[in-house]
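This briefing covers a few local features of one protein model. Please have the sequence and the coordinates at hand while reading.

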Amino acid sequence: MSAELWNSAVNVLDANWSTDHMVPSRRLYPHQWSWDAAFIAIGLAYVNPGRAWRDLRSLFEAQWPDGRVPHIVFDPSVPEGDYFPGPAFWDVPAYAARPARGSTSLVQPPMHAIAAWEVYRRSTSHGAACAQQATEELAWLYPRLVRQQEYLTRRRDAGGGGLASVVHPWESGVDNSPAWDAAMSRVPADLDLLRRFRRRDLEVADAAHRPTDLDYARYVHLVVSYKERGYSDHELAARHDFVVECPGFNSILGAAEVALSKIAKVVGADPSVHQARARAITTAIVDRLWDEQTQTFRARDVRTNTLSPARCVTGLLPLILPGLPSEHVEAILTEARSPRFGLPGETMLPVPSYDRTAPDFDPLRYWRGPVWINVNWLLRRGLARHGFPDEAEELRTSMLRLVHGSGHYEYFHPNTGEGIGAAQFSWTAALTLDLLADKSVRAYAAAG
């Protein structure tokens with residue numbers, strides 16, 4: 001089983017490589033996506049560290065002068081009509097050495113420092129030449145990773161409490177999560193926008209699995225509004241219709257500082273700066289996003305200063321922070337083990353993206369119920385970090401069995417394990433390699 005799964009994952013990554021970057025999937029996502037590139041690099045490093053570094057470098061070559069790393073870098077060889085919203089819709093001016101319409105203006109969770117450190121660790125086992133390249137790549141990436149973090153912690157601290165705000169659900173990576181429902185209900189939804197700007201995703205994906213037209217009308221409105229202000233982050237809370245602090249996004253932001261402290265030691269920089277920032281972000285997450293009444297982490301709407309009532313998988317992700325207080329670690333474990341989510345010991349499947357007991361839980365629609373490998377990979381990382389090896393092993397094993405049985409899909413049905421969304425999905429394949437390569441998976445591999 002392990003050899004078969006390994007080879008199928010490698011084949012997906014080979015098929016999705018495009019000159020100097022990886023696409024998430026050929027049909028549905030034909031460009032380069034930001035946090036996809038990070039997850040992909042982590043697994044790709046096992047079989048082709050040169051491509052893993054090239055993918056990260058390609059992404060950061062599109063970094064904006066203000067430090068933001070765009071959530072999509074457009075491939076100029078892909079026709080405009082193959083993806084919406086494409087380059088012409090965003091109409092980003094030329095910047096640095098980038099041509100006009102080369103990227104979007106939004107960001108995604110800053111997984112990249114974590115990925116760079118993991119690729120470095122893998123590369124050093126591939127011989128002296130790979131180790132030397134890895135050190136050089138870290139040196140090139142380090143100042144750019146720092147600028148990315150500074151952009152998010154300074155320009156995006158719209159709430160003034162030390163956390164980064166997302167200005168669009170797409171920035172969170174969990175696009176149509178119920179965590180945004182309350183904030184999005186106040187965003188204008190003009191369905192005429194979808195007659196002017198036609199969705200392309202429904203031409204290659206089942207509408208029952210994708211965000212609704214109402215969601216998309218609001219997504220388009222937010223981009224149009226942001227674009228009208230020159231994609232400026234000035235006075236976001238007063239001027240923009242969606243400004244939210246996400247526990248998942250900010251947990252990754254804090255974990256990135258932990259990774260940067262390790263990278264700093266390799267490149268001769270000061271790790272203490274990053275260690276202090278990681279502690280500060282962890283404290284801010286607890287101060288601003290912890291709901292004492294329900295003992296969960298929740299998204300905060302900066303404009304109304306209220307917490308979302310939805311219990312989503314992003315509320316479990318502060319577990320990846322090494323400095324999270326023990327009482328909050330225990331609370332996350334209680335939530336993860338509960339019927340709302342259910343660790344594999346109870347369900348035999350990885351954790352779903354939303355509370356299973358909620359009346360609007362949807363097992364098919366994107367981030368409103370299905371299982372995603374990347375967030376479970378993060379959750380498994382947190383379990384291992386905080387001393388829960390049995391639960392971490394169960395989660396990893398359940399992910400591998402799910403992918404082996406259903407394929408390298410974008411996401412999966414939370415009850416049956418059926419693959420949903422794009423087939424041959426890159427981050428699913430890449431993270432499968434990482435899970436298989438982990439030493440503690442040997443018993444599972446032998447059993448297969």
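The model is predicted. Two non-glycine residues with positive phi, Arg-101 and Tyr-231, are described along with a cis peptide bond between Phe-84 and Pro-85 and the surroundings of Ser-398.

**Cis peptide bond**
- Phe-84 and Pro-85 are joined by a peptide bond in the cis form, with omega at about 0°.
- Pro-85 belongs to the loop that runs between strand E4 (72-73) and helix H4 (87-90).

- Arg-101 is not a glycine, yet its phi is positive, at about 60°.
- The loop between H4 and helix H5 (112-123) holds Arg-101.
- Arg-101 counts as partly exposed because its relative accessibility is 41%, which falls between the limits of 20% and 50%.
- Tyr-231, likewise not a glycine, has a positive phi of about 55°.
- Tyr-231 sits in the loop between helix H10 (213-228) and helix H11 (236-239).
- The relative accessible area of Tyr-231 is 4%, so this residue is buried, the cut-off being under 20%.

**Ser-398 and its contacts**
- Ser-398 is part of helix H17, which spans residues 389-406.
- With a relative accessibility of 5%, Ser-398 counts as buried.
- Leaving aside residues up to four places away in sequence, Ser-398 touches Pro-344, Met-348, Leu-349 and Pro-350.

Conventions
Residues are numbered from 1 along each chain as its sequence is written. This is a predicted model: local features need pLDDT of at least 70, side-chain atom pairs count only at pLDDT 80 or more; totals for chains, interfaces and linings use all residues. Side-chain values use heavy atoms; hydrogens and water are left out. Helices (H or I, at least four residues) and strands (E, at least two) are DSSP runs, numbered from the N terminus. Buried means under 20% relative accessible area, exposed over 50%, partly exposed in between (1.4 Å probe, protein chains only). Contact means heavy atoms within 4.5 Å.
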